[in-house]
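This report describes selected features of a predicted model.

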Amino acid sequence: MALHCGRACRQYLLHLAHDNVDFRLPEIKALLSLRKRPFDTSETFNEKSPFWQLNGLSEDDIRSVMSRTVCGKSAFELWGHGTTIDELRTSLLEYPAENMAPYLQQNSTYKINVYTFNKTLVFKDRIEKIDVTLIAILNALDFLPFKGTVNLKDPEHIFCLLEDYGSDPNDIPEEPFHMYFGRWIADGQRELIRSYSVKKRHFIGNTSMDAGLSFIMANHAKVKADDLVYDPFVGTGSLLVACSRFGAYVCGTDIDYNTIHGIGKASRKNQKWRGPDENIRANLRQYGTESLYVDVMVSDASKTVWRKNAQFDAIVTDPPYGIRESTRRTGSHKDIIKPPEDFSGESHVPVSMAYHLSDIFADLLNFAAHHLVLGGRLVYWLPIYRPEYCEEMVPLHPCLTLTNNCEQTLSSHTSRRLITMEKIKEPEDSDRLAHLADPRFTPYQGHNSFREKYFCGLTKKNGKDSKATPKNKD
């Protein structure tokens, strides 16, 4: 139950959001890694729990993590915890008085908040619960030397009692499974999900990435100030917006001319055509990061236009799956016809052909191996047909190591997995034949039928729904 061994061994408590559970651990680890700090937790650590106890960190480390995380809600210096008030009291008695003293001075102001996880109360019951709980906790903690003055509006210090009622909304106990008491340090960046919502964005498309997921991807990629970040399937630039928020210079390419130039039909309801200033640059201007916009251009991801050397600190992207956006590349199955000698090319629209998912991912990993700096990260989404999923479906490359594989469920039969890879070595000539020596490096051809499986599962679901819904009789 002891939490401490002096000032250098303070323990901290993270309160995490209930959504995006699969993405939380990789995000926190990545943010600690930016400060070269380890992820060290308690022996009873449960990844699915909304409360994590972290060891071996400083308050500056915690503040740095909370300044970026969208999975974390709040962070506290943990003074005590237990399954009952008595256990909590015993734990608090063991906490060093010298650690408490700076926050309990007579000339200071404070307040105590009570938070419950998985227990929603109506307003009247909530007020009664807070009153009863506060009386109980203050009676139990009467040995704590709170010498300051209570200030509910603008206190210098905030102390919190957090009660964990489990994660099953259908089986909520009368008493909490666990209680924590500590000093509030900082809140996470959950507000970014609202302020960067695509609903409020100047330029959007049919597949613009959700703001929260965009920031999670940027954090998984360990994007930091002055990095150069690239998105080869840039679309309307949602990922560039998120990466620029953390100080990175951003650029991208896309095969869709209309999207890159912000022309054509609008994606918003009650708007037929895009306006004159609907483009990716305008999105960065909207959030005050236009100075970090390098450029975007029309380009085919299967035919790289970049020099053959490492340039990017991170590659963050969401390749098309063939559902709402087609998977196309330039080329033709017909014999190549040489253009006339006087052909200028100014009005030429290249012929496109199917770009299979297995080829998209093989090209993406190969590009990352050649164009990421050592230690740079590739973060991308991999669509999956859930009944057939196994880890062997995740594309691999000899120069990249798989660090994270997180699932976001889309339906009963489909999901997409957020894949994070890190470059560990420079490419060699032998890497081109790696798939012959190791079948793990052979592209998985089953990805190519994802579109058919997606719509097949959707058709089956709609068929079941129509059978279950009785027809109206006249």
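Strand E1 (residues 12-16) and strand E3 (residues 72-82) run antiparallel and are joined by five bridges. Within this pair, Tyr12 stands opposite Glu77 of E3. Helix H2 (residues 59-66) packs on the sheet, where it touches E1, E2, E3 and strand E7 (178-187). The direction of H2 makes about 75 degrees with that of E7.

Strands E1 and E3 belong to an open sheet of seven strands, ordered E2-E1-E3-E7-E6-E4-E5, with mixed pairing. The edges are formed by strand E2 (51-54) and strand E5 (149-150); each has a single partner strand, so one side of each is left without a neighbour in the sheet. In general, strands of a sheet pair through backbone hydrogen bonds, in either a parallel or an antiparallel manner.

A further helix, H3 (residues 85-93), lies across E3, strand E6 (157-164) and E7. Relative to E3, helix H3 runs at about 90 degrees.

## Loop residues with positive phi

Asn118 is not a glycine, yet it has a positive phi of about 70 degrees. This residue is located in the loop between strand E4 (109-117) and helix H5 (123-140); E4 is itself a member of the seven-stranded sheet.

Lys222, likewise not a glycine, has a positive phi of about 60 degrees. Its place is in the loop between helix H7 (211-220) and strand E8 (228-231). Is Lys222 buried or exposed? Lys222 is buried, because its relative accessible area is 17%, and the limit for a buried residue is under 20%.

Strand E15 (residues 400-409) contains Asn404. With a relative accessible area of 14%, Asn404 is buried.

Which residues is Asn404 in contact with, leaving aside its neighbours within four places in sequence? The contacts of Asn404 are Pro26, Arg377, Leu418, Ile419 and Thr420.

## A nonpolar surface patch

Tyr257, Ile263 and Val298 make a nonpolar surface patch of about 260 Å². Of these residues, Tyr257 lies in helix H9 (residues 257-261). Tyr257 counts as partly exposed because its relative accessibility is 48%, and the partly exposed class lies between under 20% for buried and over 50% for exposed.

Technical notes: Residues are numbered from 1 along each chain as its sequence is written. This is a predicted model: local features need pLDDT of at least 70, side-chain atom pairs count only at pLDDT 80 or more; totals for chains, interfaces and linings use all residues. Side-chain values use heavy atoms; hydrogens and water are left out. Helices (H or I, at least four residues) and strands (E, at least two) are DSSP runs, numbered from the N terminus. Buried means under 20% relative accessible area, exposed over 50%, partly exposed in between (1.4 Å probe, protein chains only). Contact means heavy atoms within 4.5 Å. Two strands pair if DSSP finds at least two bridges between them. Axes are lines fitted to C-alpha atoms, for helices over the stretch in contact, and angles run from 0 to 180 degrees between N-to-C directions. Patches are made of residues with over 30% relative accessible area and no salt bridge: like charges are joined within 9 Å, nonpolar side chains (Val, Leu, Ile, Met, Phe, Trp, Tyr) within 5 Å. Accessible areas come from the Shrake-Rupley method with a 1.4 Å probe; for residues, only the protein chains shown count as cover. A salt bridge is a side-chain nitrogen of Lys or Arg within 4 Å of a carboxyl oxygen of Asp or Glu.
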